[in-house]
Amino acid sequence: MSQKPLPTPEQARYQQLIKEMEPPARYTANALWAFFSGGLVCVIGQFFIDLYAAILHLPPVEASNPAVATMIMLGAILTAFGVFDRLARYAGAGLAVPVTGFANSMVSAALEYKQEGFIQGIGSKIFILSGSVITYGVVTAFFVGLIHALLKR
Amino acid sequence: MRIIWSTYLAAFLVGGLICLAGQVIYDRTKLTMGHILTGMVILGGILGGLGLYDPLIKFAGGGASMPIISFGNSLAKGAISEAGKTGPIGILTGMFELTSTGITAAIIFGFLAAIVCRSKG
Amino acid sequence: MATPPIVIATGTTVGPFEGQSPLAKDFDLIAGDLTLGQASFELAERELMNSACLKAMQKAKRTEKDIDLFIAGDLLNQIITSGFNASLLGLPFFGVYGACSTSMAGLGLGAMLIDGGFIGTALTATSSHYSAAERQYRYPTEYGNQRRPYGQWTVTGAGAALLTTQGKGPRVTHVTVGKMTDFGVKDPLNMGAAMAPAAADTMLRHFADTKRMPEDYDLIVTGDLGEFGAEILRRWIKETGGLELGIRYKDCGAMIYDRVKYPQVASGGSGCGCSAVVVFGHLFREMERGRYRRILVIATGAMHSPTSVMQKQTIPCIAHAVAFEFP
């Protein structure tokens, strides 16, 4: 194993300098944008839950499934038309944290790798960003499920 | 169609706060959005295992079921409920029971979008 | 240089967004569309470089027959843009990689080979394309990612310069080859901070070697540190070299975009094309117009790859300095 060289005094001083000079993110503006856009996305989601509960005669818990699919479709359409990335410059986490962000990560990857063909492009690259969410979600759920199954005995 | 305005208010506040939390972590740390979303899914899985997330969905509706935390919660719940019925093998069969809508929809729309459109750059 | 080679012609092509640049009138060709009518962004970048090369040759009234060597580099994996262009031109070819410092790496090499008497005429070129670079280094372009305030925007553009022994144009008087410097910056989105010490190191060595001072130049420009990186450079060079750069120092990345009108560019432009189009397009024309007589260009490059960054390696950087003089 290569040893990690200690930073020289010059390097340490430089790191300190760039930390001092780093322009701050627009914390307040970003936070407000994320809160209001995220809230709005969830309100739209709630509207679809109510809509599907009414027209499909479903209990609200089950109506959230088609509502999620609808929100994913909206995220996909916005991405396909090149609008999502522009909105997300402002909305930030407000669009990324709801399922719209999940849709965006998959649709943007599929679009981007279209040129590499159906198999090595779209097919294998579609999960390039969302893969880690699915992987760690499944790993967590597996152990949670295992613990539950063991405790039940 | 029955609209309960207090649910909408709760959805707005809870959903907004979850997104706000993601934004604050993004701005205050060097983590990428991918790191934060993965963390949220893991959190959702754990909360789901403890049975703490469903009460929030009951309270805030879309405010809790739209954010990605709910994806982790649904994965865990699918695994747990199927394991309850068929034993440990149910963890494998039930994993995607509740989340298949989201994953399938995203794959299908991603595929269709890639056929019809191209990246605008 | 004993007999300074002369840049007799340059060609610059930029994308539509760079067409909104405050410097746009000094670029030769402005594409109407990011794809340049091609099927992919990689093909578009190839087209960008090709058009810049042809423009430079056309302006100098030279053809492929008059050129001895083509030196080019770009950002895409295995410098494919340069390779394909060399094949289109059918010229003897050296591919160079210096990340965003490639513009001056190629031009400096060409100048040295001419000054050494090995070749008579060299064509050097470099290019970058926002969408092609973005998808190689970062995320798919349609992915909704929020840029950090110190982030930078890859310039879509290509610049070519034709160097020879006789003619009219800016003369290449000095080349200072950069050393790799590594100050332990790991964040690939913070390239200005990673590259500033490399620029400072090359600048100080250039002044020591040539016994010149910043005052000897009408303008000193760095390649693509961006607004934030340029500020760091000012502070750092004052601290380590005791030099006050003052108003004669500028940065191509900070110059190319109107950062107030387009806040999404964050700290400014980056990429091989950034210093190439600003220097070959804008600054050489300013020299012709008599605004500057002697300039020092320090093109900076961050020599990382997506793999090295993911494996948590630091970002080593390089900067090449070339001094130009208009007689």
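Guide: In this predicted model, the second largest cavity is lined by Tyr26(B) together with residues of chain C, among them Glu134(C), Arg138(C), Gln146(C), Arg148(C) and Leu189(C). Its volume is about 80 Å³, and its lining has two nonpolar, four polar and four charged residues.

Visitor: What makes Tyr26(B) a lining residue of the second largest cavity?

Guide: A lining residue has an atom within 4 Å of a cavity point. Tyr26(B) is listed in the lining of the second largest cavity, so Tyr26(B) has an atom within 4 Å of one of its points.

Visitor: Which residues line the largest cavity?

Guide: The largest cavity, of about 160 Å³, has a lining that includes Asp85(A), Arg89(A), Tyr130(C), Glu134(C) and Trp153(C). Helix H4 (84-91) of chain A and helix H4 (130-137) of chain C each supply at least two residues of this lining.

Visitor: Why is the pair Lys30(B) and Asp187(C) called a salt bridge?

Guide: The criterion is a side-chain nitrogen of Lys or Arg within 4 Å of a carboxyl oxygen of Asp or Glu. In Lys30(B) and Asp187(C) the closest N and O atoms are 3.4 Å apart; the pair therefore qualifies. The count between chain C and chain B is one salt bridge.

Visitor: How much area do chain C and chain B bury between them, and which residues of chain C supply 45% of its share?

Guide: Chain C and chain B bury about 1,000 Å², 36% of it on carbon and sulfur atoms. Glu142(C), Gln146(C) and Arg148(C) supply 45% of the area that chain C buries against chain B, more than any other three residues.

Definitions and conventions: Residues numbered from 1 in each chain as written. Chains lettered and ligands numbered in written order. Predicted model: local features only at pLDDT ≥ 70, side-chain atom pairs only at ≥ 80, totals over all residues. Heavy atoms only, no water. Buried area = accessible area lost by both parts, 1.4 Å probe. 1 Å grid on protein atoms, 1.4 Å probe; cavity = no way out; pocket = protein on both sides within 12 Å on 5 of 7 lines; lining within 4 Å. Points joined across faces, edges and corners; volume = space filled by probe spheres on them. Helix = DSSP H or I, 4+ residues; strand = E, 2+ residues; numbered from the N terminus. Nonpolar A, V, L, I, M, F, W, Y, C, P; charged D, E, K, R; others polar.
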